[in-house]
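Student: I would like to learn how to read a structure feature by feature, with the general idea before each case. Could we go through one together?

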Amino acid sequence: MILYTPLAAEDIFPPESNQFTDYQIMEYRGRTVHAEHMGNGTYRVHQLLSTDPAHFLDESCSPGKIFSL
């Protein structure tokens, strides 16, 4: 089946509601990140939420990096 639509696939087929329960928006190193809580106080960066292009050059906030608070 082919579905022609301007909508994103997530809008048509929403993910399970329990799939993103461990994700939260938080402040890390002065930048706002969308992170996944992995347990034991560690987090994995899922997305950097910033409008400053210089923040994206900082590798400590790049997606996939693990940090602890």
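Student: Where is E59 found?

Tutor: Please keep in mind throughout that this is a predicted model. E59 is found in the loop between strand 3 and strand 4, and with a relative accessible area of 58% this residue is exposed. Taking E59 together with G41, the two are 18 residues apart in sequence and their C-alpha atoms are 20 Å apart in space.

Student: How many salt bridges does the count come to?

Tutor: The general idea is that side chains of opposite charge can pair when their charged atoms come close. Here the count comes to 2 salt bridges. In one of them R31 pairs with D58, and the closest N and O atoms are 3.7 Å apart. Because R31 lies in strand 2 and D58 in the loop between strand 3 and strand 4, this pair ties together parts that are 27 residues apart in sequence. R31 and D58 are both buried. There is also a salt bridge in which the side chains of R44 and E36 meet, at 3.8 Å from N to O, and R44 is partly exposed, with a relative accessible area of 32%.

Student: Which residues make up the largest nonpolar core?

Tutor: In soluble globular proteins, nonpolar side chains tend to be buried together. In this model the largest nonpolar core has 9 residues, namely M26, Y28, V33, A35, Y43, V45, L48, C61 and F67. Strand 1, strand 2 and strand 3 are the elements that each give two or more residues to this core, and the largest share, 3 residues, comes from strand 3.

Student: Is H55 buried or exposed?

Tutor: The cut-off matters for this one, since buried means under 20% relative accessible area. H55 has 18% relative accessibility and therefore counts as buried, although H55 lies in a loop, the one between strand 3 and strand 4. The side chain of H55 makes a polar contact of 2.7 Å with the side chain of S50.

Student: Which residues have a positive phi although they are not glycine?

Tutor: Most residues other than glycine have a negative phi, which is the background against which to read such cases. R29 has a positive phi of about 55° although it is not a glycine, and N40 likewise has a positive phi of about 55°. R29 is found in the loop between strand 1 and strand 2, whereas N40 is found in the loop between strand 2 and strand 3. R29 is exposed, with a relative accessible area of 53%, and N40 is exposed as well, with a relative accessible area of 84%.

Key:
Residues are numbered from 1 along each chain as its sequence is written. This is a predicted model: local features need pLDDT of at least 70, side-chain atom pairs count only at pLDDT 80 or more; totals for chains, interfaces and linings use all residues. Side-chain values use heavy atoms; hydrogens and water are left out. Helices (H or I, at least four residues) and strands (E, at least two) are DSSP runs, numbered from the N terminus. Buried means under 20% relative accessible area, exposed over 50%, partly exposed in between (1.4 Å probe, protein chains only). A salt bridge is a side-chain nitrogen of Lys or Arg within 4 Å of a carboxyl oxygen of Asp or Glu. A nonpolar core is a set of buried Ala, Val, Leu, Ile, Met, Phe, Trp, Tyr and Cys residues joined through side-chain atoms within 4.5 Å. A polar contact is a pair of N or O atoms within 3.5 Å; within protein, one must be able to donate a hydrogen and the other to accept it, and residues adjacent in sequence count only if both atoms are side-chain atoms.
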